[in-house]
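Here is a short briefing to read alongside the structure. Take a moment to turn the model around, and then follow the helix contacts with us.

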Amino acid sequence: MKTASDGSAETEGRAEETEGRRTILKWAMLGGGAAIANLFRGSAARAAASPKEQAARAAVERATRGMPAPRIRDVKVIQVGGGGINDSTVVKVTTDQSGLYGYGCATATFPGGRARLVAAAVDQYLKPLVMGRTTDRIEQIWQLCYMSSYYKNDTVLNAAIGGVCDALWDIKGRQAGMPVYQLVGGKCRDAADIYLHVGMGSKDPGRELVENSRKAVATGCRYLLVAMFIRDGAVSNLYGQPQFEDGSRAYDRDKEIRKVLAAFEAFRKEMPPEIGLGVDVHSSLDSIRAVQFGKDVEPFKLFYCEDLLAPEESGHYRIVRQLCTTPLAIGELWNNPHEWRPLVEERQIDYIRHHVSHIGGFTAARKIAAFAENFEVKFAWHGAPNSPVGHMTNLTLDLTQENFGIHEHVGYPPLVQDIFHGCLEVRDGYAWINEKPGWGIEVDEALAAKHPITDERPNEMRAPDGSIIQGTG
Ligand code: MG
């Protein structure tokens, strides 16, 4: 502070300082972090600042003034019944600041995802826990939700946490006027390579696979994946034996394996070698069949073989690794770090493939991606079902984390596009992110309310002898 011999400037300076303290107190009461920081700034430092520095400080003060931390005023669940793969659950968090809210994906994957339990977990447990808290502390709120139950790593609870906390990321992005990817360091790639699903039917699987693949490649896609054990979802229910697309009513695992291997022969003979091929086994083989299958598909040079084994049979991955070089991807059934962490540390797999909401959303997924990066394991998040908010979360991770592998994409039907505005775009085989603040998605809640989830049903998968076997998602 400048001092004058007649004291007038000093008096003026004290008056300025008193006024300054009043302003600081006002800002502090409003919760402004910059105001609190000002309490520690000495007058000598202000006097020493150059005009340029003073202008910069003033700009910061202007930017942060009057921004009290938003507080959570309401939490609600929006469930969209698009039918089967198009069912999704979104959490909306509303703040006490006018027009400031956010959406987060809480989808528990179909068809046995237990969507109604996720809604109950949000409404009855997490909402009372987070109401009134500041939206600024995403990590702390995540930890609070995660630790509060004592029993952790539950798919339903994780999905609920993912929904609530990803809505806070959306809010933070909207506050900043930036996409979430900007909040975590910006892009390290422009867009994400995608793969599409291709069917092979049952009458002439090789020919159908090649025909469907040519159509997908014509759109610019470079990677294609065949899912084993796909049945007609419309007839999978609790009350009758589910039916395959070929009319049969039970899993014949050997028949399915022969069908896939024959179709892959045709694919590699007919399709350009640069077109990537993958397979999702859906954990539906028993262990020794799975080990043999891993070897059998090695000559087809897949980009990956997904969920070759169920989590409870993960010990066999070590054996598969020693027998073949088929790239392995696991994760959509795994939400407990104690299950998958050894596989990453021992480099027994190549891709980790969690369903992001099942592990607690964006906050948790960033940590898992960073952990896997240390072991040169890539990630390829589970992309179904069709939750545009969740897909934008996946894509944000794809673009901001170094060890991105590939992005699973499933096209959006008109109803999903009508409800979710701002869905990611696919061009030339890449997924491109929405550049709007937050996740960049707006939800037509009135239209969503007209389409509740009605067809959620548990799996019932049987072998030809009638015994129950592992079901597909
Ligand atoms: Mg899968």
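Let's begin where two helices touch: Leu126, Leu129 and Val130 of helix 5 meet Ile141, Leu144, Cys145 and Ser148 of helix 6. Sorted by class, this contact comprises six nonpolar residues, one polar residue and no charged ones. Please keep in mind that the model is predicted. The chain has 473 residues, 42% of which count as buried, and its secondary structure comprises 17 helices and 15 strands. If we take the contacts between residues at least 6 apart in sequence, 72% of them join residues at least 24 apart.

**Helix 5 with helix 6**

- Helix 5 spans residues 115-130 and helix 6 spans residues 138-148; their axes come within 11 Å and cross at roughly 140°.
- With an angle between 115 and 145 degrees, helix 5 and helix 6 are therefore oblique to each other.

- Which residues of helix 6 are buried? They are Ile138, Ile141, Trp142 and Cys145.
- These four lie on the same side of helix 6, because the arc they cover around the axis is only 105°.
- As a reminder, an α-helix has 3.6 residues a turn, so residues three or four places apart point the same way.
- The face of helix 6 that is turned away from the buried side carries Glu139, Gln140 and Met147, which are exposed.
- The cover over the buried residues of helix 6 includes helix 5, helix 7 (155-176) and helix 14 (362-373).
- Just after helix 6 comes Tyr150, with a positive phi of about 75°.

**Helix 5 with helix 7**

- Helix 5 also packs with helix 7: their axes come within 9 Å and cross at roughly 55°.
- Helix 5 and helix 7 are therefore oblique to each other, and their crossing is right-handed.
- Helix 5 contributes Leu117, Val118, Ala121, Val122, Leu126 and Val130 to this contact, while helix 7 contributes Val156, Leu157, Ala159, Ala160, Ile161, Gly163 and Val164.
- By class, the contact of helix 5 with helix 7 has 12 nonpolar residues, one polar residue and no charged residues.
- Leu126 and Val130 of helix 5 take part in the contact with helix 7, and Leu126 and Val130 also meet residues of helix 6.

**Helix 9 with helix 10**

- Further along, helix 9 (residues 205-218) packs with helix 10 (residues 253-270) at an angle of about 50°, and their axes are 8 Å apart.
- Helix 9 and helix 10 are therefore oblique to each other, and they cross in a right-handed sense.
- On the helix 9 side, the contact involves Pro205, Gly206, Arg207, Leu209, Val210 and Ser213; on the helix 10 side, it involves Lys259, Ala262, Ala263, Glu265, Ala266, Phe267 and Glu270.
- The residues of this contact between helix 9 and helix 10 divide into seven nonpolar, two polar and four charged.

- Tyr181 belongs to helix 8, which covers residues 180-183.
- Is Tyr181 buried or exposed? Tyr181 is buried, because 22 other C-beta atoms lie within 10 Å, and the cut-off is 20 or more.
- Beyond its neighbours within four places in sequence, Tyr181 is in contact with Gly186, Lys187, Thr396, Leu399, Thr400 and Ile433.
- Trp439 is 258 residues away from Tyr181 along the chain, yet the C-alpha atoms of the two are separated by 8.7 Å.

Note on methods: Residues numbered from 1 in each chain as written. Predicted model: local features only at pLDDT ≥ 70, side-chain atom pairs only at ≥ 80, totals over all residues. Buried ≥ 20, exposed ≤ 12 C-beta atoms within 10 Å, placed from the backbone. Contact = placed C-beta atoms within 7 Å. Axes fitted to C-alpha atoms, helices over the stretch in contact; angles between N-to-C directions. Parallel < 35°, antiparallel > 145°, perpendicular 65-115°, else oblique. Nonpolar A, V, L, I, M, F, W, Y, C, P; charged D, E, K, R; others polar. Arc of directions from axis to C-beta. Left-handed = near helix turned anticlockwise from the far one by under 90°.
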